[in-house]
Amino acid sequence: MSENDSIVAETAARIFTDLADPQTINAAKDAAWKAPLWSALEESGLTLAWVPDTLGGAGAGVGDGFEVILVAGKFAAPVPIAETLLAGWLLSQAGISSPAGMMTLAPMRRGDRIALNDDGTLTGRARGVAYAGDAAHVAVLAHGGKGAAVALVETKAARIAERRGIAGDTVYELTFENTKPVLVADTPAGLDQQAVMLMGAAVRSLATAGALSEILDISVKYAGERVAFEKTISKFQAVQHNLARLAGESAAANAAATSAADAIAQEEGRPAALTSPGIYLEVAAARIRSAEAATEGSGIAHQVHGAIGYTKEHILHRFTRALLTWRDDFGNESQWAVELGSKVAAAGADDLWPLVASR
Amino acid sequence: MTTALNFDPIRLPKECEELRKEVRAFIKAEIAAGTWDPNAVGRDDAFNYEFARKVGEKGWIGLTWPKKYGGHERTFLERYVVTEEFRVANAPTRVFFTADRQSGPTLIKYANEDIKMDILPRICRGECCFGIGMSEPNSGSDLFAARTKATKVDGGYLINGSKIWTSNAHRADYLIALFRTSQPTKENRRHGLTSFLVDMKNTKGITCNPIIQLSGMHEFNEVVFEDAFMPDSHLLGEIDGAWKQATSELAYERSGPERFLETFQVMIELVRVLGEKPDARGAEGLGRLVAQLHTLRRMSVSVNGMLQAGKEPVVEGSVVKDLGTIWEQKLPHKVREIAAFVEPEDVANRVAFEEQLAFATTIAPKLTIQGGTTEVLRGIIAAGLGLRGR
């Protein structure tokens, strides 16, 4: 799944290169860059790649959508491309058409549950809902008397609390109090909170892999330019070995995330397939390992850059802060590790190797 | 232009899973017959010729090699499955492992036809053990500092000097070794080494001295050459140009599942002592280990897919070995921490766990040294990033 594999990935790369240059965005005084970028993404159909054309989307393959995520990760552009893709996927599973514009989804934290009340309204709290301030609509996975349901909600219908996040962005908490959705529909078999967490975790893992490959590029380039002690710092073995470690972390995240995305794509994103033991292992492992790589890798990239990488002026922080933020979405690595470890333990010692070897 | 390495999500094809079933059934039957105990640690019975013969009969040695040399012309991915199943079951593969992984492929590429027809079928039958003669007392990671000398005489070469840390040498039928045929040049310090096939059983002037490792096991040896004669026909590849040959071998040597599964048993025993419902601390520790192992394995499978496609993924292979060996080196220490508060009721489980943990702990230090140190690997990766020359 390299970025040159498909027209979709090429299109995404072209749009981001033209309209989401990290240097330009980093230096921008306002958010004027955002509207042209979003309309280009929307017009190309990329934002609704996971929505069939019968429901207002582009009807692209599941693998195509994942390629868009990987490319978007390389730019770490602060627009809700991943969230809109996921919201579109969630809505279309329940047969709900996707509205135009930016979307986000809830819940994005493992422990948050939103109830579907008997009167069709929603009640509950969703923390860390990315881009809730930008998105006009939020796709909600709710739980009612008959099981899980999907709701399309106008973001303004929910109460929004804000705080500042790691990435210098705003982190939103949505509270639904008998909130009336635009539409509610039953979910197909297998589409539950766990399936949403799995799909979201795969998406964040892939974006993480993309951003790590970018900070590797940036760091290698910088080490080749920066002169200290009368030579470029790339000539120092200590720096070379740090960059080799960063390459290893980037490679591990890439391998785990592309493998998980491939596993999901082979099942065409069917919710019921997501929770099978094999795909579960792939996604949980990708989430855990890519988050570990984000922690380790962003630290190395900053170390290579020295003080300049710690300035607002330099683009490095756009990627490292995004990497560190994404670790918390759709379950952090500790939560996934506890769940994965519990499953492995419950299956027993003799099933450990067969599980690993099954992928 | 991107410097990041891609590891495409290669899937093991259906024929691999069929083969896996066969290998598992064979392993199960052999364990039941008492051929080896998968839970025994630190044993010296890994040189099992009877087992090697049976594996040869199954057609699982030289799996990827041409049929005319006794091979089976199957894929690297099929070989991968056999290798990992044997490793996880702790099977006694020492007779054929090195020959199958790298000596055989080197002979196929560089030996003359008579040697290939003579030796390769014997490897495939499980009758022929190989070792690798690279390190010397003053030349370890700095391979090209080797000084053991090959002096041209009528019909061949006389070898003088010594190799060290040579695994298997005390049992091996052959070594593939590097000897100095010329001095290095100013332009190329790697120049002047030549690769030879050494007949360990039929050559006068070779002495093998055992070196016991800290784990108590005997794999290492010092091999001393005193006017040992190598016929011209045993020269492998280009005179003075072994360095060109050595690098392409590395992708085979470094990317395999044996690079992170040498002490896998300790993970199995960890699951056993944790029980069905570990607390969050135990579950998180185990979950992370499983996630990390899965990732390593997917990377390793991907590299073998690259080999199958005819590529030479030397940098990717180095990444797998670097991450894999560092992971496995930390494994016993993490396992120890994860199990710190666990009190298994079953005494047998506890003893088995503690034995595996002690074994893995004593094995750990060597993992990042054998077959290319961490420092050498990171140098190769840095070169792949364009930071230095190769």
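This is a predicted model: local features need pLDDT of at least 70, side-chain atom pairs count only at pLDDT 80 or more; totals for chains, interfaces and linings use all residues.
## Contact between the chains

Where the two chains meet, 46 residues of chain A are in contact with 47 residues of chain B. On the side of chain B that touches chain A, the elements giving two or more residues are helix 3 (76-88), helix 7 (265-274), helix 8, helix 9 (314-338) and helix 11 (374-384) of chain B. The largest share of that side, 18 residues, comes from helix 8 of chain B, and the residues of the side as a whole divide into 23 nonpolar, 12 polar and 12 charged.

## Helix 11 of chain A against helix 8 of chain B

Helix 11 of chain A (residues 333-347) packs against helix 8 of chain B (residues 280-308) at an angle of about 90°, and their axes are 6 Å apart. Because angles of 65 to 115 degrees count as roughly perpendicular, helix 11 of chain A is roughly perpendicular to helix 8 of chain B.

The residues of this helix contact divide into 11 nonpolar, 6 polar and 3 charged. Among those that meet are Trp336(A), Leu340(A) and Val344(A) in helix 11 of chain A, and Leu286(B), Arg288(B) and Val290(B) in helix 8 of chain B.

Technical notes. Residues are numbered from 1 along each chain as its sequence is written. Chains are lettered from A and ligands numbered from 1 in the order in which they are written. Axes are lines fitted to C-alpha atoms, for helices over the stretch in contact, and angles run from 0 to 180 degrees between N-to-C directions. Helices (H or I, at least four residues) and strands (E, at least two) are DSSP runs, numbered from the N terminus. Angles under 35 degrees count as roughly parallel, over 145 as roughly antiparallel, 65 to 115 as roughly perpendicular and the rest as oblique. Two residues are in contact if their C-beta atoms, placed from the backbone, lie within 7 Å. Ala, Val, Leu, Ile, Met, Phe, Trp, Tyr, Cys and Pro count as nonpolar, Asp, Glu, Lys and Arg as charged, and the others, Gly among them, as polar.
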